[in-house]
Amino acid sequence: MKQINLILVILTLILSYPLKSETLLALSGDSDKSLRISPWLYYTFESESEGIEQIRKFSTTQWDRLSLGDNNHIALKPFWIKFSIYNAEPQTINRLLSLGNPHIDKLDIYHFAQNVLVNHTQVGDTFPFHQRPVINNLFIYPFELAPEVVNTFYIRVDTEGSANLPLSLWSPNAFAQHTEASALSKGFQLGALAAIGFFSLCIAITSRSFSYSYYAGYVLSVTLLVATLQGLAFRFIWPDWPMLQHLMITTLVPLSIFFAILFTEKVLLLKYHSLPMLRLCRYSSAAALLLVFITPMLDYSQAQYINIFSVLLVTTLLMGIASILAIRGHKLARLYTLAWSGMLIGSFITGSSYLGLITLPIKHLTPLMVGLTFEIIFMASILAIRYNDERKLKLQTQQEALLQSQRIRKTKEEALLIEANSNEKLEQMVQERTLELEIALRELNEANQKLTEQATTDSLTGVKNRAAFDKRLQAEGRLSRRQQTPMAILMLDIDRFKSINDNYGHLAGDQILRFIAQTLKEKLKRPADLVSRFGGEEFAIILPNTDQPGAVQVAEQIRKTIYDLPISWENIDIPLTISIGVSSEIMQSETQPTKLLEQADKALYRAKNDGRNRVMVYTPEPQKEIDHTQS
């Protein structure tokens, strides 16, 4: 009966698509192990942002079978893959779908059972790590297969890096065993690299050897790069910072190249054997250091291409330098050539795989990891030989220096007597001059501080002036856009201030401005809040990390406080009220802070028109302005 149901399902699929049939993956009791599902995958490229409903309506002729080389590239445009699974067992079985490429930016997984959507899951290294359905450095999707039911999966792939899709189907037990074995091998590999790196760093610190310092920098940066490429660094070091995943890869590759070039220069003693080669290494290391700062600012796919070509170019360059010196009889160059050959071969195979030039049935990183392990072990041996030679040379130099020191000791003793007398006089002169300079520098520093304060402070009110406000507005706008936090601006104007000047005099008006400025500074408790005199009787307040309700609450407190202020001039009480315009948003562009200021100003204008002594929040339509004044 089971075989008959399976045959009927397969015939139904074939008859549904007369032009091209799709293969159905049938699972039975003997499929309890890992299963690579590449032979059952079909793909199609997205033409104009189709949704899942449009994709499901695609005919079979619009889907092509996915081969190894179809998606083995960098920066492919978004595409869809699909496959169907049939549970031939009489009971429900559990399976795990794993993707062995931990650098896919975004995967949308749609799971249908009998044409009914069971689940929609989004994963990728652009999401925080804790959002994954299964906590693993790979992308894992768990699901159940009901008996004799066809389950169809549609997966949208959107990534700037390599779009390689090593998809596998696991039983929970098989995946647990694989995870344990993989964790053991990767842990041993990273542990060995880290141990060699820290050991080299300790030797560099104790011996003050540049060779060991550069080698330690190279091994440790490569260790962190490998952990990042395997998805382990994202899991254990920066799980809540997805943006670091791309940033660290584009930074660590040129950084590793930089240390590798400097290490080669030192270990092969290019300063003594070939000045042209030394200059070439110096220029290459400067270019690599420049890439450390440039590539993070580029598009990720462009940075990937630049890094891959840089690795291939530098490995070839260093191999050529070492080969030339080895032919000339340099002992360490021969060992270096042997060690670097593994890295050269591994980097060329891995780089060609990422560029889509070759297609191999193994992970892209495997050749590079094998070559890297071979190279680091041999490089450690080269350093040991180099360290031993340097130690012997150092002992010989010390013996010669000891004899030389004995010969010049007498000369030094005579010179010291003369120097002591001169130093005593010179020290007295230096102390006097130093004291004069310290006094002059102190006075200059105080003058600079006063000038800086005067340039950013309003002379009448003592709060920040318009120039300081504009500068701070742009800075807080960038911070809001980067952190995606709201920023609020309060525009405050003294009601009927002209009549105060006319009735009580400009001196009274100035005194009121000072009272209000001092009150505003007292009401704003956070160090990041800024109050400034915007012009005339207007004040502007910047409230970082403040949403609209919070800004309205602050504005209302200020309004009440000003309203209750006992202000008098020449024993005459002066009634005083203010109007406040409020605007709060999360910044999305460079020009939005200025727009936010204009919105607060419009809200202030409407508060004045609606009767003054009120707080008004900006809304796009005037008739929908929100009055938050409390009687």
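**Loops, a patch and an enclosed strand**

At 63% relative accessibility, Asn115 counts as exposed. The model discussed here is predicted.

Reader: In which loop does Asn115 lie?
Author: Asn115 has a positive phi of about 65°, although it is not a glycine. Most residues other than glycine have a negative phi. The loop that holds Asn115 is the one between β7 (106-113) and β8 (116-123).

Reader: How much accessible area do Phe198, Leu201 and Ile205 have together?
Author: One of these residues, Leu201, lies in helix α3 (residues 172-207). Leu201 is partly exposed, at a relative accessible area of 31%. With Phe198 and Ile205, Leu201 forms a nonpolar patch on the surface, and their accessible area together is about 300 Å².

Reader: Why is strand β10 largely enclosed by the rest of the structure?
Author: A residue is buried when its relative accessible area is under 20%. Strand β10 (residues 150-158) is largely enclosed because the buried residues number eight of the nine.

Reader: Which residue of β10 is the bridge partner of Ile109?
Author: Strand β5 (residues 79-87) runs antiparallel to β10 and is joined to it by eight bridges; there, Ile85 has Asn151 as its partner. β7 also pairs with β10 in the antiparallel sense, over eight bridges. In β10, the partner of Ile109 is Ile155.

Conventions:
Residues numbered from 1 in each chain as written. Predicted model: local features only at pLDDT ≥ 70, side-chain atom pairs only at ≥ 80, totals over all residues. Heavy atoms only, no water. Helix = DSSP H or I, 4+ residues; strand = E, 2+ residues; numbered from the N terminus. Buried < 20%, exposed > 50% of the residue type's maximum accessible area, 1.4 Å probe, protein only. Patch = residues over 30% accessible without salt bridge, like charges linked within 9 Å, V, L, I, M, F, W, Y side chains within 5 Å. Areas by Shrake-Rupley, 256 points an atom, 1.4 Å probe, with all protein chains shown as cover. Salt bridge = Lys/Arg side-chain N within 4 Å of Asp/Glu carboxyl O. Pairing = 2+ DSSP bridges.
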